[in-house]
Structures are given as structure tokens and as C-alpha cells.
Amino acid sequence: MYAFDIERPTTIADAVAALGAEDAQALGGGQTLIPTLKQRLAMPSKLVSLTAIPELKGVCVADDGALCIGGGTTHATVAAQAAAHYPALAALAGGIGDPAVRNRGTIGGSLANNDPAACYPAAALASGATIVTNARQMAADDYFQGLFTTALDEGEIITEVRFPVPDRAAYMKFQQPASRFALTGVFVAKYADGVRVAVTGASEGGVFRWTEAEAALSADFSADAVAGLSVSSNGMMGDVHGTPDYRAHLVKVMTKRAVAAA
Amino acid sequence: MPKDTGIGASTKRREDVRFLTGRGKYTDDIQLTGQAHAAFVRSQVAHGEILSIDTSDAEKMPGVLAIFTGEDFVDVGGNPAGWLINSRDGEPMKEPKRPVLAHGKVRHVGDAYAAVIAETAEQARDAAEAIAADIKELPAVTNMAQALAGAPFVHDEIATNQCFDWGWIEDNRAATDEAIRNAPHVTTLELVNNRLVPNAMEPRASTGDYDPGTGDYTLYTTSQNPHLTRLLISAFVLGIPENKLRVIAPDVGGGFGSKIYHYGEEALVLAAAKKLGRPVRWTATRSESFLTDAHGRDHVTKIELACEKDGTFIAFRTETMANVGAYLSNFSTATPTFLHGTLMAGNYTVPNVYVNVKAVFTNTAPVDAYRGAGRPEATYSIERVIDKAARELGLDPIAIRRKNFVKPDQFPFTSAAGLEYDIGNYDALMDKLEELADFGGFAERRKASEAAGKLRGLGINSYIEACGIAPSNLVGILGSRVGLYDAATVRVNATGNISVMVGAHSHGQGHETAFPQVVGEMLGIDPASVDIVHGDTSKIPFGMGSYGSRSLAVCGSAVVRATEKVIAKAKKIAAHMLEASEADVEFAEGNFTVAGTDKSVSFGEVALKAYIPHNFPLDSVEPGLEETAFYDPANFTYPAGGYACEVEVDPETGKVTVERFTACDDFGNVINPMIVSGQVHGGIGQGIGQALLENTVYDENGQLTSASYMDYAMPRADDLPFYTVDHSCVTPCTHNPLGVKGCGEAGAIGSPPAVVNAVIDALQSGGHNVTHIDMPVSPSRVWAAMNNA
């Protein structure tokens with residue numbers, strides 16, 4: 001990696017201030033950024049570590065019943081502490097990477113990076129989560145804007161993610177054989193006012209909602225309800241691990257399985 | 001009762017104490033005073049003309065000590081091919097020079113054209129990025145068929161991309177063609193043996209050192225065969241006299257073939273150390289490993305099997321394109337030919353075999369031997385086409401193999417591909433397989449899978465391989481430019497413990513445990529008092545290293561011969577001590593006795609006497625107790641096995657899971673059953689990796705798109721089932737003193753066809769008319785095959 005300065009502030013305010021420097025870069029758990037730096041593919045002047053900020057960490061339940069997760073909370077903590085309130089989300093967190101990744105990587109880091117094959121974006125979008133930053137609150141529907149692209153401004157930090165807890169939910173991930181990211185992952189969440197279905201890993205546009213399935217499942221929450229639907233391969237990713245057709249097919253299979261498991 | 005010591009005991013691996021507690025000492029662990037660091041500048045294009053290299057900015061960078069380019073090595077030699085192959089028309093193969101650093105052209109992504117030496121590794125890397133090279137990108141060729149069709153040429157000076165066009169056995173060609181023309185049934189299969197990245201856990205690393213006071217060079221390097229590396233550097237590349245070059249291969253974290261070969265980085269660090277008068281070190285990044293370690297396999301084959309309607313084999317005929325990459329790595333020409341074509345009769349009495357192999361230069365990393373080296377390619381072709389033929393003819397896959405097996409009373413058997421198999425019992429292996437794999441319960445298991453929405457398949461494989469890669473007379477006839485004997489020195493110390501210096505190199509095989517079991521057994525002493533010394537050309541006799549499952553069969557035999565010499569000499573000393581005639585002295589269980597008396601001396605007493613030779617019969621016996629033997633076998637060894645794999649296929653996603661795996665191998669006599677089982681386990685893991693996961697993909701521009709673990713799928717524990725392995729079917733090798741055959745590669749040879757045969761069986765059981773899927777049999781490929789997508 002190239003040389004850089006590093007700061008480790010202990011408050012959100014100090015972190016925001018530090019990120020005001022030119023070419024400064026926030027560092028969460030580092031599970032994407034550190035390998036990128038080691039490959040010399042990024043050259044930040046300064047890294048601002050978010051790991052020493054207590055107010056970014058933790059899992060709690062808000063008065064309205066939403067599950068609130070601090071942006072700096074690790075996957076392992078979510079897997080352990082969200083299990084009672086939102087088991088599908090806890091299971092998703094427990095299935096990311098391996099124990100080393102889960103003990104370093106954070107929910108805020110994952111959502112800020114918005115890797116098109118990451119797991120958390122599917123949960124956030126399917127849950128209609130609210131992304132809370134140091135500056136504002138955003139609905140998940142507004143937050144995700146394409147591959148590695150979000151509504152975050154330069155230097156903006158995800159401080160919390162609020163998940164309305166569904167009646168039933170499940171995440172089904174079909175692993176890419178090498179990275180074990182989602183080749184296609186589908187999160188299905190059933191709320192009193194309807195069903196939301198979010199798909200990761202499949203689309204060239206990043207995480208997206210499969211609205212036809214949502215409508216069908218809102219009327220009849222069963223795997224059979226999506227049996228008659230088809231997913232277009234237009235805009236699906238194609239690579240050595242799967243063609244667009246294959247990914248489109250997997251969207252349906254994983255959706256059916258998620259509904260069955262919910 | 002299993003033995004608890006000596007030959008046949010499952011002694012725990014003594015080397016694991018240091019490996020598992022972080023105390024192994026690898027090349028990168030060796031820190032030398034005053035060391036500098038090398039970084040290589042590597043081509044980012046697959047094919048390009050080097051118009052200029054401007055190092056002026058880099059030279060001014062902090063810590064930079066020296067910069068080398070290809071220009072600095074134009075007057076030294078190239079890294080040679082170790083095996084001469086002649087084409088069918090008698091023309092020798094094309095051997096373009098492989099320089100230390102690319103000069104004139106770069107020929108694959110990762111091809112190094114400059115190197116920077118600096119005070120720190122980071123400084124070297126910074127300066128490497130500051131080198132401004134003007135490289136004119138040229139059209140690249142990565143597809144073998146296109147490469148054979150004509151320009152662009154990887155090497156302009158040979159004006160072709162064909163290295164050779166080899167026929168085996170050319171005199172059998174017409175008869176084979178005729179047999180196929182007249183056969184009642186011919187099954188044809190076109191298949192790809194996928195290119196693999198070796199992925200040793202320890203990346204390649206080399207440190208060069210030079211002593212201006214003595215003129216001595218030392219190279220610490222990740223090598224499977226330090227003497228061969230020394231020979232290549234001395235005789236072909238840099239011209240350093242062999243006696244002035246010491247090569248040390250310390251602990252090496254896996255090789256799988258990729259560390260047999262000499263690489264340019266080794267020459268560079270030596271040349272740089274000489275120039276600077278300081279040690280110069282380099283350790284590959286994982287990215288460099290992906291781009292520049294010699295890859296494995298990469299064959300495209302058409303195979304035909306001609307047979308009677310009852311399944312009796314009449315002929316095998318293959319046409320193969322074998323990718324050698326951009327340069328000839330040291331054994332790249334032997335692997336697709338004599339390690340492949342000679343095995344194309346399999347375990348079978350088939351009377352006609354003809355093999356044609358075209359070796360092809362492409363703008364990709366060099367390809368060379370990788371665990372199994374040619375034999376997996378042969379086995380895969382044969383055993384896949386047999387399976388297809390059985391299905392076409394409605395024959396049981398085991399029955400068709402049994403019908404054609406060489407039978408025990410036919411050995412020694414000269415196969416139609418020209419090798420003389422000394423011994424084997426393939427039916428016994430199949431009997432054992434049928435017993436252990438519980439074929440009787442398969443129908444029930446299939447039913448259970450189907451109830452869970454899965455398709456279940458059973459795949460069989462029967463392999464033979466040629467191991468103990470050695471017989472110098474034979475390999476010399478076949479084109480080898482080196483001898484392939486091995487050597488050992490047994491040094492009995494005065495206090496009776498023993499150092500054994502061996503030419504074999506252990507990089508995971510357990511020699512430090514297994515070889516002492518042999519010596520301990522022969523001398524009737526505790527193997528714990530025997531230590532193995534390997535990997536340092538200044539300490540060991542000139543041996544040829546470890547690859548081709550040869551260490552025990554070849555070097556182990558040298559250990560036996562040297563130990564026999566020690567016993568013979570010790571007997572003379574004992575006779576003197578016992579005041580008896582040598583002819584009357586008997587040696588058993590560590591004691592020399594005089595027949596018919598109670599007179600006895602222990603081996604330890606004799607050892608002490610050898611070094612304190614008071615009152616010694618110097619006219620008939622020299623002091624000391626140390627003997628060396630060089631062993632060159634009469635033939636290859638021929639391990640064989642029967643493998644069975646059961647898979648489940650998820651018909652919705654195409655995902656294959658290996659549910660059961662049974663491997664029955666005949667390795668001849670077994671020294672340490674636990675180590676042998678471990679070798680088979682590892683081999684099967686690699687074979688399943690090849691069959692289901694590992695996919696080395698170059699795009700049309702020659703970029704390696706699977707150049708990291710994000711896209712290159714290595715097998716992990718949860719990809720693999722618990723194995724049933726058995727090596728109780730033993731036909732001892734007839735021509736080496738231990739009766740051993742070699743076990744290091746069997747798993748990687750035997751498993752891929754078993755896995756793919758099982759997948760096809762599963763799909764057929766579900767009504768899918770799928771006859772073949774190329775490896776890796778990934779979920780997307782299975783799904784596409786099922787859906788004609």
C-alpha cells in the first residue's frame with residue numbers, strides 16, 4: 001500500500017471533521033478497503049478509522065419496535081444480538097464471509113460500499129430500512145443508487161440503520177463459488193402492509209426490488225405465488241460464475257426458497 | 001495389531017510440531033544482514049513490443065540501489081526446457097529463448113521486464129511504478145486453435161505458435177486408424193482439461209547472497225529440487241560454477257509441481273546480489289503467484305474409443321492441444337507427452353493406442369507439471385469416454401472396465417502405449433471399491449435424494465499412473481536432458497544416532513517422518529534417533545528432488561541402499577569387535593551376534609567403535625560409518641486405483657455436492673499409512689477442486705480474469721465430504737527394494753473423472769440427456785446443460 005496518515009477519532013463530530021481533509025477516506029472494518037489499499041488500487045491521504053467511536057456501535061430496539069443498529073456494529077455482533085428481534089437479519093449477518101470478516105466488517109461499511117453482491121443491501125432494501133447519517137435520514141429506496149453508488153455525500157457517515165421488523169422474513173443466498181459473496185441473494189420480508197423482495201448479486205444496477213414478486217406475494221405469501229413469474233435477464237450481470245440468464249433464473253429460485261423459509 | 005514404529009506404523013509427523021506451532025522456517029523467514037529488496041515490473045498487456053524503458057525517474061526515488069532490465073541479461077543464457085520432444089516428422093521442438101527478464105517483447109500478463117532493488121520492499125515497489133515503459137500493445141492469442149491457425153506469433157523468430165506435433169506411437173497410427181474404421185462401435189468425446197493455478201500456500205520467494213571474499217553465491221529459494229535449480233542456473237542461465245553456488249530450499253509451503261522449475265526471479269536476485277554486494281530478497285505477492293507460477297493442465301482433447309458391442313476395447317485415439325503458455329517451463333514439454341501419452345492405454349488390454357499432441361504457444365503464463373502432470377489428463381480422457389461408451393452400449397460402468405482390465409497373470413504387461421506395467425491387480429481394487437463404497441445401498445440413497453428434490457449420481461474411475469519418475473535410461477531415450485536417479489547419504493554418528501542426507505525435498509510429504517521409519521526398521525533402532533537433512537546443496541548428495549510421486553520409490557530406495565552399505569560395513573567392525581569371522585556375524589534387531597554363541601555387540605557400540613578406532617583393523621576397514629548410494633530404478637512404478645464418487649445435484653440451481661467419496665489405491669507397500677491417507681485426502685481435494693471449482697480464465701486480450709481468490713474458487717473444507725480411503729490392496733513394486741510405488745498424486749489423478757461421471761449419472765437419472773460437461777462443473781454450467789441454455 002501507499003503511505004497514508006491515520007486518525008482514530010472517538011466521536012462522530014471529530015470523525016466528520018477529520019473527513020473534511022482532502023482525499024480523506026473513512027475506514028470501517030476495512031474488509032474491502034484494506035485489500036484495496038494492499039493492491040495499491042486506492043491512494044487516500046488519510047484514513048479516518050471509525051472503530052473507536054462508541055456511539056456508532058450497538059443493537060437496540062426503538063420505541064416503535066424498529067431494530068436499530070449502529071453503523072459501526074460488526075456482523076458478528078448483529079448475528080448475536082439481533083437474533084431475538086429479527087432472526088432473518090441476524091442469519092444474514094452470520095452468513096457473511098467467515099468469522100474473521102464478521103468480527104471486523106461493519107454494517108455501515110457494507111452499506112456505504114454498496115458492493116453489488118453484498119448481503120446487507122438486500123436486507124436494508126427489503127426491510128424498508130432507514131439509513132441514518134451524521135447529517136440526515138434516508139429511506140433505503142432512495143439510498144441505493146447503483147453499483148458501489150449511494151446517496152451518501154463526501155465525508156458523510158452512516159451512524160445507524162433502522163430496520164422495521166417484519167412478521168416473517170428470510171434471506172436466501174446462492175454463493176458465488178470463489179468469493180462466497182451472493183451470486184444471487186434474495187431477501188423477502190412480509191409486513192402487515194405488504195411484502196418486499198430485494199435482490200442482490202444479480203443486477204448490473206446493484207440491489208433492486210422485484211416488484212412483480214412483491215405484488216404476487218402480498219396477495220398470496222407462498223412459494224407457488226411466484227412460480228408463474230419470470231425474471232428478465234436484461235441488465236443482469238454475466239461473468240465466469242454465471243450468465244445473465246442463470247442469474248435471472250436464480251432470482252426466482254432464491255425467492256421461492258426465501259418465502260418457504262420465512 | 002498395527003505396528004507402533006518402523007515400516008507400516010502410522011507415526012505422527014514430527015515436522016508438524018514446527019509447522020503447526022508457527023516455527024517452520026521458510027525462505028521469507030530468513031533475514032540476512034544488509035539485505036535489500038527486489039520488486040519486479042510486470043507487463044500489464046499480454047503481448048507487446050518494448051519500445052523503450054525509461055528508468056531515470058525511478059533511479060532518483062528514495063532507497064533505490066539498482067535497476068535491471070532485459071538489456072542487462074542479453075549476454076547470459078536462457079531458462080531451458082528440460083525435455084526434447086521431436087515432432088512426428090522428426091523435427092525437434094521449437095525452443096525460443098526464455099530470458100531472465102523480457103527483452104524486445106513481453107509475452108504474457110505478468111511477464112517481468114524490469115526489476116528494482118531498493119532498501120525496503122515498499123521503496124522498490126514505489127520505484128517500480130515510476131519506471132516508464134513504452135510498450136506497444138500487439139494482438140494477443142490465448143485460444144489454442146487460433147494460435148495454431150497463424151499469426152500473431154508469440155515468438156516471431158519461430159514464425160509459428162506450434163512447439164511440436166507429437167505422435168505416440170507413430171508406428172501404431174495406421175493400425176489404430178484402421179481399427180477404428182472397422183470397429184462396431186466408436187464413442188467420441190471432446191473435452192477440456194481445465195487450466196489450474198497451483199496456489200501453494202507459500203508464495204514463491206528467493207533471496208540471493210554473494211560473498212565477494214570467496215566468490216560464493218547462496219540462493220535461498222522455494223524449490224522442490226535445489227540441485228536441479230543449481231544446475232540450471234549454473235549450466236544454462238548465469239554460468240556460475242556449480243561449486244560456487246549453494247542453493248538452499250528450506251521449509252517450503254507446498255509446491256504441487258510449481259516449485260520444480262527455475263524461474264527468472266532466482267537468477268535476478270543472484271545477479272543483483274553480486275552487483276550490490278548485498279543480499280537481495282523477493283517474495284511474490286499472491287497476485288504475482290497467480291500471474292507467474294507455472295500453471296497446470298490446459299488440454300483440449302478429442303478422444304475416440306472403439307469397441308465391440310460387448311464393450312471389449314479395440315482402440316483409443318486422441319488428438320490433444322496442450323497449452324505451454326508463452327515460454328517453455330522446464331518440464332512443460334514432457335508433461336503433455338511422455339507423462340500423458342504413455343498412459344493412454346489405462347489399466348486396459350486395449351490393443352491399439354495412438355496419441356497426437358500439439359503443444360501450443362499462447363500469450364498466457366507458462367504451463368507445466370501440476371500434481372499428477374499429464375496422468376490426470378490421460379485418466380480423465382480415458383475414463384470419461386469409457387463412461388460414455390458404457391452408457392451408449394447399455395453396459396454397467398464397472399463391468400465394462402473389468403472386461404478390459406489387464407489381469408493379474410498378465411504382468412509384466414506391455415501396454416499398447418508402450419509402458420511395461422510390472423505388477424497390479426485391478427480387479428482386486430474394484431472388489432474392494434464395491435465393498436467399501438456400498439454400491440448395494442446406492443438405490444436407497446438415490447431414492448432419499450429424490451425425495452428431497454435432488455438428483456443423485458454415482459461415478460466410477462479406474463486409474464493407473466507412472467510414478468517414481470526416474471529411470472534415467474528410459475527417460476533419456478524419451479528425450480529427458482537430465483538423469484532422474486536419486487541419492488542418499490546415511491551418516492552414523494559416534495553416539496549411534498543418524499543423519500540421513502537425501503536428494504528428495506519435503507514440502508509437505510512427511511519425509512522427515514517416513515524415511516527414519518525405513519532406516520530405523522533396517523537398523524533395529526528407534527526412528528526418533530534418525531534425522532533427515534534435505535534441501536541444501538552443500539549438505540546433501542546430488543539428488544533430483546521431489547515430484548512425480550518419486551521420493552520414496554527413488555530416494556527411499558537410495559536410503560535403503562546406503563543403509564545396507566552401512567550394515568555391511570558395521571558387520572566388518574562388529575566381526576573385529578567380536579573376534580569372529582565376518583561370515584559368522586549376523587545382524588538382527590539392532591544387534592550383531594556370532595551365530596551359535598552368546599557373543600553380541602549392539603549397533604550403538606559398533607558406531608562408537610567406528611569413530612574411536614583404537615585397535616582397529618585399518619588394513620581392512622576404514623574408520624567412520626557413513627555411506628552414500630545413488631539409486632536409479634529399472635522402471636517407473638505403477639500405482640493404480642478404483643475410485644467412486646456420489647454426488648447430489650440440485651436441479652433448480654445446478655449446484656453439485658459431493659456426498660460420498662471412496663478411494664481404493666494400490667501403492668505397493670506402505671511405510672506410514674497415516675501419511676499416505678493424508679496424501680490421498682489432499683489429492684482428492686485438489687481433484688474435486690479441479691472438477692467442480694477451479695477455473696482459470698484468460699479473456700481474448702490475455703487478461704487473467706480469475707487472478708484472485710475473489711474469482712478463482714479453491715476447494716474449502718465444506719466443499720468436501722468425509723472420504724473413505726483404503727490402501728490395503730497391495731501388489732508390491734517388483735523392482736525397488738521397498739516394494740513401494742508412490743502416493744502423492746493419486747488422489748488428484750483419480751478423482752476428477754469420478755466426480756464428472758457421477759454428475760452425468762445424476763443428470764441422466766433425472767431424464768436429462770446430458771453426456772458431458774466440461775470442468776469445472778460449476779452450478780451455472782450444470783444448469784445450462786440441463787436447460788440447453
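**Figure 1. The contact between chain B and chain A.** The contact takes 24 residues from chain B and 23 from chain A, where contact means heavy atoms within 4.5 Å. The model is predicted: local features need pLDDT of at least 70, side-chain atom pairs count only at pLDDT 80 or more, and totals for chains, interfaces and linings use all residues. Residues are numbered from 1 along each chain as its sequence is written, chains are lettered from A and ligands numbered from 1 in the order in which they are written, and side-chain values use heavy atoms, with hydrogens and water left out. The size of an interface is often given as the accessible area lost when the parts come together. Between chain B and chain A, about 2,000 Å² is buried, and carbon and sulfur atoms give 46% of that area. Buried area is the accessible area (1.4 Å probe) that two parts lose on being put together, summed over both.

Figure 2. Side chains of opposite charge can pair when their charged atoms come close. Chain B and chain A share 8 salt bridges (a side-chain nitrogen of Lys or Arg within 4 Å of a carboxyl oxygen of Asp or Glu). One of them joins E129(B) to R40(A), at 3.1 Å from N to O. On the side of chain B that touches chain A, two or more residues each come from α3 (121–130) and α19 (779–786) of chain B. The largest share, 4 residues, comes from α3(B). Helices (H or I, at least four residues) and strands (E, at least two) are DSSP runs, numbered from the N terminus.

**Figure 3. Domain 1 against domain 2 in chain B.** An automatic or database assignment sets the domain bounds. Domain 1 of chain B covers 27–138 + 201–254 + 259–292, and domain 2 covers 370–468 + 635–786. Their C-alpha centres lie 38 Å apart. Here 8 residues of domain 1 are in contact with 10 residues of domain 2. The two domains bury about 670 Å² between them, 57% of it on carbon and sulfur atoms. In domain 1, V109(B), F290(B) and L291(B) lose the most area to domain 2, together 61% of what that side buries. This interface has 0 salt bridges.

**Figure 4. Salt bridge between D177(B) and R317(B).** The closest N and O atoms of D177(B) and R317(B) are 2.6 Å apart. D177(B) sits in helix α5 and R317(B) in strand β14 of chain B, 140 residues apart. Both residues are buried, meaning under 20% relative accessible area (1.4 Å probe, protein chains only).

**Figure 5. Salt bridge between E745(B) and R375(B).** The side chains of E745(B) and R375(B) meet at 2.8 Å, N to O. E745(B) lies in the loop between β28 and α18, and R375(B) in helix α9, so the pair ties together parts that are 370 residues apart in sequence. E745(B) is buried at 6% relative accessibility. R375(B) is buried too, at 1%.

**Figure 6. A network around R456(B) and E646(B).** R456(B) and E646(B) form a salt bridge, with the closest N and O atoms 2.8 Å apart. R456(B) belongs to strand β18 and E646(B) to strand β26, 190 residues apart. Salt bridges link D438(B), R445(B), R456(B), E646(B), E648(B) and R660(B) in a network.

Methods:
Buried < 20%, exposed > 50% of the residue type's maximum accessible area, 1.4 Å probe, protein only.
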